[in-house]
Amino acid sequence: GKVVSVQNTTDQLYNQVDLSVVDVMQDPNGDIAIVSTGDPNVDFSRIRSCAKWITLDKAKVRLDPFQKATFNVQLKAPAHTQGSYYAAVVMRVDLPSGNSETLKSGLAMVYVIPVLVDMQARAMKNEVEVTSVGLAYQPKGNGTPAATLSTMAVNNKGVTTCILQGY
C-alpha cells in the first residue's frame, strides 16, 4: 500500500474530506476525465479501469487548521493481469459559507490523484486485424499526378499499441 498525506495550509477547519476511487478515461482532447457511473455517453467496455482493484482505508478524513491527515491506498490486481489500466483517487471538500462551518456554500474543492498501472510480465499477444483493404488507380487530372491509392482499416482488440506507417 501507499500512504497519502493531505495537509491543510489554512486556518479553516475542514470537518470532512470525502475520499473515493473513480474511473477515468482519456477525452478526445487527450485530457484525463472522471467518468460518472452509468453515463450513457460512455462505452464502459472500452475503459481499462483498475478502480475495482483499489481500496482506501478511510472514506473521509478531518483536516484541522494547519494539520495533516493520512490515508492508505491499496492496489491488488488480479493474477496474470497485463496491460495498462487507469483510475483516480478523488478528495472532495465542500467549502463552508462565510464563517459558518455548518452552512455549505455550494462550492467544493476537488483534488484528483491519477492512478496509472502498467502490468508487464511477458510479451502480450497482439490482437490487431486488418478489416478491409482497398486499392484504386487515380488517373492524371487537373493538377494531380496519376497515382495508386491504397486504403486499410485496422481494428485493435488487444491491449498493445499498434503503429501503422506508410511509405
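The legends below describe close-up views of a predicted model.

Residues are numbered from 1 along each chain as its sequence is written. Local features need pLDDT of at least 70 and side-chain atom pairs count only at pLDDT 80 or more, while totals for chains, interfaces and linings use all residues; side-chain values use heavy atoms, with hydrogens and water left out.

**View 1. Overall makeup of the protein chain.**
The protein chain has 0 helices and 10 strands, in the order β-β-β-β-β-β-β-β-β-β along the sequence. Helices (H or I, at least four residues) and strands (E, at least two) are DSSP runs, numbered from the N terminus. Of the 167 residues in the protein chain, 22% are buried. Buried stands for under 20% relative accessible area, exposed for over 50%, and partly exposed for values in between (1.4 Å probe, protein chains only).

**View 2. The aromatic pair of Trp53 and Tyr85.**
The structure holds 1 aromatic pair. Trp53 and Tyr85 form this tilted pair, at 4.8 Å centre to centre and 55° between the planes. Rings of Phe, Tyr and Trp (its six-membered ring) pair if their centres lie within 6.5 Å; planes under 30 degrees apart count as stacked, over 60 as edge-to-face and the rest as tilted. Trp53 lies in the loop between strand E3 (32-35) and strand E4 (54-56) and Tyr85 in strand E7 (residues 83-96), so the pair ties together parts that are 32 residues apart in sequence. Trp53 is buried at 9% relative accessibility, and Tyr85 is buried at 13%. Arg48 lies over the face of Tyr85, 4.3 Å from the ring centre; for such a contact, NZ of Lys or CZ of Arg must be within 6 Å of the ring centre and within 35 degrees of the ring normal.

**View 3. Val21 and Trp53.**
Val21 belongs to strand E2 and is partly exposed, with 26% relative accessibility. From C-alpha to C-alpha, Val21 and Trp53 are 9.7 Å apart in space, and they are 32 residues apart in sequence.

**View 4. The second largest pocket.**
The space in the second largest pocket is about 320 Å³. On a 1 Å grid over the protein atoms alone, a pocket is an open set of points where a 1.4 Å probe fits, with protein on both sides within 12 Å along at least five of seven lines; lining residues have an atom within 4 Å of a point. The lining includes Val24, Met25, Gln26, Asp43, Arg48 and Tyr86. Strand E2 (residues 14-26) gives the largest share of the lining, 3 residues. By class, the lining has 7 nonpolar, 2 polar and 3 charged residues. Ala, Val, Leu, Ile, Met, Phe, Trp, Tyr, Cys and Pro count as nonpolar, Asp, Glu, Lys and Arg as charged, and the others, Gly among them, as polar.

Asn8 sits in the loop between strand E1 (2-7) and E2, and is buried at 3% relative accessible area. Its side chain reaches the backbone oxygen of Gln12 at 2.6 Å, and a polar atom of the Asn8 side chain lies 3.2 Å from the backbone oxygen of Asp64. Thr81 is in the loop between strand E6 (68-75) and E7 and is buried at 13% relative accessibility. The side chain of Thr81 reaches the backbone oxygen of Pro78 at 2.5 Å.

Technical notes: Points joined across faces, edges and corners; volume = space filled by probe spheres on them. Polar contact = N/O pair within 3.5 Å; in protein donor to acceptor, adjacent residues only side chain to side chain.
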